[in-house]
Amino acid sequence: MDHDLDYHFEQIIRGIGEDVGREGLVKTPERAARAFEYLTQGYQQSLSELVNGALFESDSDEMVIVRDIEFYSLCEHHMLPFIGRAQVGYIPNGRVLGLSKIARIVDMYARRLQIQEKLTRDVAEAVLEVTGAKGVAVQMDARHLCMMMRGVNKQNSEMSTSVMLGSFRTSQSTRNEFLQLIRR
Ligand SMILES: Nc1nc2c(ncn2[C@@H]2O[C@H](COP(=O)(O)OP(=O)(O)OP(=O)(O)O)[C@@H](O)[C@H]2O)c(=O)[nH]1
Ligand SMILES: [Zn+2]
C-alpha cells in the first residue's frame, strides 16, 4: 500500500511532463506519499480509540462551546486543501467530553476526503454519539483552494456550513445562544 502510493506519485510527476530522475525530484514521490498519508490519516483512526474513555460524569446541563478549532482538509472533488475553523457546542446529558477530544474529532474527519457539508455533519454526529448530549451544534467556515488557485479564482469567499442536532434544532433560544457565543 505504502509503495503503491510512491509509485502513483511518480506517475503523476511523469504525467505533468517532469523528469522523475532529476535531483530535486528523486525523493519526491516518497515524500509526497508520506505527506498524503498524513493528510488522510483520518481513515486509520476510530472514534472510540480517539476518545480513549475521556468522558467525565457531570450534572451540568449548561452549553459547552469550543471555539476556533482550525482544520486542514482535502476536498473530494480536486484533492486540494480547504482550510478553516470549527465552532462546536453541545449540551451535556450526564457526562462531558475531554476538551482536547473535540479538536481530535474535528481532525479525524478533516483528514479524509469529503465536502465541507459532510465534514460538518460527521463532526456533529460523532460528538452526539460519544457524549449522548441533549444537543450538538457545529459551525464551520473555510476557504477552498480549488476555488482560489484555480477554477473560478475567488480569493476572499468563505464557505459557511452548520449542523444542529437535538435541542439546537428544536429550541430557537438554544440555537441563538450558540450563535451569539460563537460570534466574534
Ligand atoms: N458544496 C461543496 N462544493 C465543493 C466543496 N469543495 C469543492 N466544491 C465544488 O465542487 C464543484 C465541482 O464542480 P465540477 O464542475 O464537477 O468541477 P470543476 O470543473 O473542477 O469545477 P470548477 O471548480 O467550477 O472549475 C465545484 O463547484 C467546487 O467549487 C465543498 O466542500 N462543498
Ligand atoms: Zn474542490
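The following legends describe close-up views of a predicted model.

**View 1. Two assigned domains and an annotated span.** The domain assignment divides the chain into domain 1, residues 2-39, and domain 2, residues 49-182. Taken over C-alpha atoms, the centres of domain 1 and domain 2 are separated by 33 Å. An unreviewed UniProt entry lists residues 8-183 as "domain: GTP cyclohydrolase I".

View 2. An open sheet is formed by 5 strands in the order 5-2-3-6-7, with mixed pairing. The edges are taken by strand 5 (113-114) and strand 7 (159-166); each has a single partner strand, so one side of each is left without a neighbour in the sheet. Strands of a sheet pair through backbone hydrogen bonds, either parallel or antiparallel. Strand 5 and strand 2 (residues 64-75) run parallel and are joined by 2 bridges. L113 in strand 5 is the bridge partner of L74.

**View 3. Helix 4 against the sheet.** Helix 4, residues 99-110, lies across strand 2 and strand 3 (81-91). Relative to strand 2, helix 4 runs at about 20°.

**View 4. The largest nonpolar core.** This core holds 30 residues, of which A86, I105, V106, V123, V127, V136 and V138 touch the most other members. Two or more residues each come from strand 2, strand 3, helix 4, helix 5 (116-131), strand 6 (135-144) and strand 7. In soluble globular proteins, nonpolar side chains tend to be buried together. Leaving aside residues up to four places away in sequence, V138 touches A86, V88, T120, V123, A124, S162 and V163.

**View 5. The surroundings of Q139.** Q139 is a residue of strand 6. Q139 counts as buried because it has 20 C-beta neighbours inside 10 Å, and the cut-off for a buried residue is 20 or more. Not counting residues up to four places away in sequence, Q139 touches Q87, S162 and I182. S162 is also listed among the contacts of V138. Along the chain, R34 and Q139 are 105 residues apart, and their C-alpha atoms are separated by 30 Å.

Technical notes. Residues are numbered from 1 along each chain as its sequence is written. Chains are lettered from A and ligands numbered from 1 in the order in which they are written. This is a predicted model: local features need pLDDT of at least 70, side-chain atom pairs count only at pLDDT 80 or more; totals for chains, interfaces and linings use all residues. UniProt positions are given in the numbering used here, feature names are shortened, and annotations may be inferred rather than shown by experiment. Two strands pair if DSSP finds at least two bridges between them. Helices (H or I, at least four residues) and strands (E, at least two) are DSSP runs, numbered from the N terminus. Two residues are in contact if their C-beta atoms, placed from the backbone, lie within 7 Å. Axes are lines fitted to C-alpha atoms, for helices over the stretch in contact, and angles run from 0 to 180 degrees between N-to-C directions. A nonpolar core is a set of buried Ala, Val, Leu, Ile, Met, Phe, Trp, Tyr and Cys residues joined through C-beta atoms within 7 Å. A residue is buried if 20 or more other C-beta atoms lie within 10 Å of its own, exposed if 12 or fewer, and partly exposed in between; C-beta atoms are placed from the backbone. Domain bounds come from an automatic or database domain assignment.
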